[in-house]
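Please look over the sequence and the structure shown here before reading on. The report that follows takes up a few topics in turn, for a reader who is new to them.

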Amino acid sequence: MAVRLMNGGSAIFRCCAVSPPPTALRCCLRHHKHVPLHSSACLSISRRLRCRRISFGYEAVRRYSAQSLVDMMMEELESLRKRGVARASNKLELETSDELLEDKPGKKTLQKGLLLEFKKDSERVLLAVVQKPDGKKNWMVSDQNGVMASIKPQQITFIVPGVKNFDHMEISDFIQKAQDNLDPSLLEFAWIELVEKNKSITVEELAEMMFGSAEPLESYSAHLLLSKDDIYFTTLESKGSCSVYGPRPAVQVEELMRRKHAKEAADRELEEFVNLLRSARDMPLHAKPPKSMWSSEEKNQKKIEILQAYAIDDCRNDDEKKTAGMILKGVGLARTASAAMNLLIDIGYFPVHINLDILKLNIHTDYAEEILIAAERLLLESPDPDEAERKDLTHLKVYAIDVDEADELDDALSATRLQDGRIKIWIHVADPTRLVQPGSIIDKEAMKRSTSVFLPSATYPMFPEKLAMEGMSLKQGEHCKAVTVSVVLHGDGGIAEYSVENSIIKPTYMLTYESATELLHLNLEEEAELRLLSEAATLRFQWRRRQGAIDTSTLEARIKVTNPDDLEPLIKLYVENQADPAMRLVSEMMILCGEVMATFGSLNKIALPYRGQPQSNIDISDFVHLPEGPVRSSAIVKTMRAAEFDFRKPTRHGVLGLPGYVQFTSPIRRYMDLLAHYQVKAFLRGDSPPFSAGQLEGMASMGNMNVRLVRRLSSSSLRYWMIEYLRQQPKEKKFSALVLRFIKDRVAAILLVEVGVQGSAWVSLGVQVGDEVKVLVEEAHPRDDVLIFKEAQGI
């Protein structure tokens, strides 16, 4: 670009390429104007100190020092100001802001051949030549891309002055020349000249000042510099396409420059991070950087945490959302939560089968160091406050029946037949309250968690693992502290008598449901106690049915994933029929214990979490046409109401067919059961219960919120792994499915018998509710919760 200075019309100076020391130039400018000059302006001007003089038909080449050039520049500027020299119909003398505002820029009338700039859309600004009117207000223009368009007056952002009959074919060349002129340092130099006197300026005046000309090209270059500038000048007034600009105060410019430099540094930092992401994404799976690498530097750790928050819709503010969006855009991805999640998987930060719900629901998976230390101390130091009162029941044969991967064993069973033929049952429940006291640090942590979390891929216990497994759980062949509920049954299954006491037991067998069912089928004489428990369970079930209980047993899936971080994890699927003998046995004994504790609490006026469930006037006769089992249970469950609590007295549990019910058999896994233990154990010692009914209600309210979150997590995690299991199956594999009900037309809700998962499928005419059909898995995408079945025809 050129800087031209007029000297009485006889000489023009064009700057070329000699670079004297910038400090010398700064001193010269300060000497003349007493204005601080930024280093960028010094360097810009110093690059233009080789001058050529042209005069009336002959050319002489001269070199000037920095001092002499600046002297001449300042003299010429001062001379022009004094003489009010006009060029291109624009005053070089600069008026004050007030003076200029009085002489507002005039409205320019459009006509054919004018060159103008207009806003095409929110992101694009184009140059165009006016062609002809289009209606009363609009104009047809031919833009820089050769496209004809109709524009409104309000779209026009600038009319290039001094142009007549511009050829639209020359727009591209005009734009290129203007771009070549864009040196921001000239804008800084102009600002230095104007800020001290608080002068305002128009585009043409600025062009005259920077380029020595207000010709169309220079004026448009000045307009582009101003439109891109957010540091030196501000718009004082706009009227149509004409604007008046004023220099910002020096303090404001300094702050804006600071912000600009900070943004540039942040942009560089962001670009470096994006490059790291791209590099990690492109690495083979075995070479991905470890997760710890992303937290080795604070700047990267913060960004990876923002990206993770974006993936789970947990950004704290708009700035974090904006940062995550810029990262995703930089990597070439859509600004969506799923894109962020997939990126974190692709770089190895998340495992392929990451359970995002654990993060979204803020489920606690680790324990603070102080909690672990407190747990260790309890194991080493805690005496048993009920030692003297414990009843020795180690002579009993004790069965602990649970799933095969159970770590926390908190209940076991014994039975014998009395001389009068009645069955006596002992329900032994682990006694964690011998170690944990209400209000202790361990108790508060358990209350915060409310329940153990059982997922296909992991277990997160309510108590620290070592405390739960070593100090609280029942163990085969070892003396274990327990609270034992003994019950004698009437011949019809009703409760004849009961007792609740502290005990010591020695579990004989640790059985899985499968092994217990097998022993029952074998009907071995040496396992007579197990047969008695099964007989008692049958009596109890029949008794409850007569009291109005509703059988909701169905097929229930259970999944164990041994290597969840692998691309193709090993999935073990168990489908349990809740009506199987061993499962029926355990559930009936747990329900029996709950009825006894409700009766015990009511008789002794103990505040407990009494659990009830209204039946919603369910008439079982409405469902007798449906096959017993999953089909009927599914229909009944849809009509049932949620459970309710009363903390002062028992309330009827209509679904179980009981006058009252208290969950008591899982104090290591459920905090509500632990609360019941606190209350009952205090009563057994002769102490006042630690909590009033009101206190229990408050704690239960908070606990139930956490329990609902964990149930949601468990349900979504189980379904994810069910879908992943089906995804891994051969596409041609056929599955048996029960038709539970019809959703719409021939679209039926189905239950896969071999998997225990529900879905929907279109079924053929003639298929009825309760029928079994064969289906194929058409699509299975666990991350998107997509599971689509289709009926296998001709089978």
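## Charges over rings

The charged end of Lys291 is placed over the ring of Tyr349, at 4.8 Å from the centre of that ring. This comes from a predicted model, and the values given here are computed from it. A second case is that of Arg558, which lies over the face of Tyr574, with 4.4 Å to the ring centre.

## Aromatic pairs

When the whole structure is searched, 11 aromatic pairs are found. In one of them, the ring centres of Tyr720 and Trp721 are 5.3 Å apart and the planes stand at 80°, so the pair is described as edge-to-face, because an angle over 60 degrees falls in that class. Both partners can also be placed by their accessibility: Tyr720 counts as buried, at 12% relative accessibility, and Trp721, with a relative accessible area of 3%, is buried.

Elsewhere, ring pairs join Phe158, Phe166, Phe174 and Tyr220 into a cluster.

## Confidence along the chain

The chain has a mean pLDDT of 85, and 85% of its residues reach 70 or more. Over residues 1-70, however, the pLDDT is below 50, although this stretch has 127 contacts in the model beyond near neighbours in sequence. Residues 80-106 form another such stretch, where pLDDT stays under 50 and the model has 41 contacts beyond four places in sequence.

Where pLDDT is low, the predicted coordinates should not be read in detail.

How values were computed. Residues numbered from 1 in each chain as written. Predicted model: local features only at pLDDT ≥ 70, side-chain atom pairs only at ≥ 80, totals over all residues. Heavy atoms only, no water. Phe/Tyr/Trp six-rings, centres within 6.5 Å; stacked < 30°, edge-to-face > 60°. Buried < 20%, exposed > 50% of the residue type's maximum accessible area, 1.4 Å probe, protein only. Lys NZ or Arg CZ within 6 Å of the ring centre and 35° of its normal. pLDDT = per-residue confidence, 0-100. Contact = heavy atoms within 4.5 Å.
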